Amino acid sequence: MTSDLLQRGKNIKLAIFDVDGVLTDGRLYFLEDGSEFKTFNTLDGQGIKMLMASGVQTAIISGRKTPVVERRAQNLGIPHLYQGREDKLVVLDELLGQLNLSYEQVAYLGDDLPDLPVIRRVGLGMAVANAAAFVREHAHGITSARGGEGAAREFCELILRAQGSLEAAHAAYL
């Protein structure tokens, strides 16, 4: 973890996550009846909860739309959910207007080309370890974990560490 990433993480007020390839391993599972399911990592969920408990707001922006993601957002208490939105930069601008935040106060974790405009615009734009190479080239940082395998937890803990609240988040469980 570089000092640049920690510096970028200090003023983050909103953390945004992509879904497929970030909160999941990127695989799409379709059942015969046309419904789909996804698997989520519990470590990531705990990281998001710790981040919210520290006062950082959270959001999900996904190009796909599924009830499974809505249920996951509800389970974690993520208040801002945008699904079926291909132009993520437009969503970001809407959200910043709602929350009265600047780009520098936002962190984003993504993995593929539709995430890139947001990654390049925000204060802390990161890619998961198995993100598309072009996305990794343009991100401020890359997680060591792959999408769906703890990358979101790593991202959350980076922000918590940068803001000096990781130890308190951990101490709550001692």
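## Asp 20 and its polar contacts

In this predicted model, the side chains of Asp 20 and Lys 38 are joined by a polar contact of 2.6 Å. The side chain of Asp 20 also makes a polar contact, at 3.5 Å, with the side chain of Arg 64.

Asp 20 belongs to the loop between β1, which covers residues 14-17, and β2, which covers residues 29-30. Leaving aside residues up to four places away in sequence, Asp 20 touches Gly 26, Leu 28, Lys 38, Arg 64 and Asp 111. Is Asp 20 buried or exposed? Its relative accessibility is 14%, and because buried means under 20%, Asp 20 counts as buried.

## The sheet and its edges

Strands of a sheet pair through backbone hydrogen bonds, and this pairing can be either parallel or antiparallel. Here, 6 strands form an open sheet with parallel pairing, and their order is β5-β4-β1-β6-β7-β8. The edges are taken by β5 (80-83) and β8 (141-142), each of which has a single partner strand, so one side of each is left without a neighbour in the sheet.

Strand β4, made of residues 57-62, runs parallel to β5 and is joined to β5 by 4 bridges. Within this pairing, Ile 61 has Tyr 82 in β5 as its bridge partner.

Helix α3, formed by residues 67-76, lies across both β4 and β5, and the helix runs at about 170° to β5.

How values were computed
Residues numbered from 1 in each chain as written. Predicted model: local features only at pLDDT ≥ 70, side-chain atom pairs only at ≥ 80, totals over all residues. Heavy atoms only, no water. Pairing = 2+ DSSP bridges. Helix = DSSP H or I, 4+ residues; strand = E, 2+ residues; numbered from the N terminus. Contact = heavy atoms within 4.5 Å. Axes fitted to C-alpha atoms, helices over the stretch in contact; angles between N-to-C directions. Buried < 20%, exposed > 50% of the residue type's maximum accessible area, 1.4 Å probe, protein only. Polar contact = N/O pair within 3.5 Å; in protein donor to acceptor, adjacent residues only side chain to side chain.
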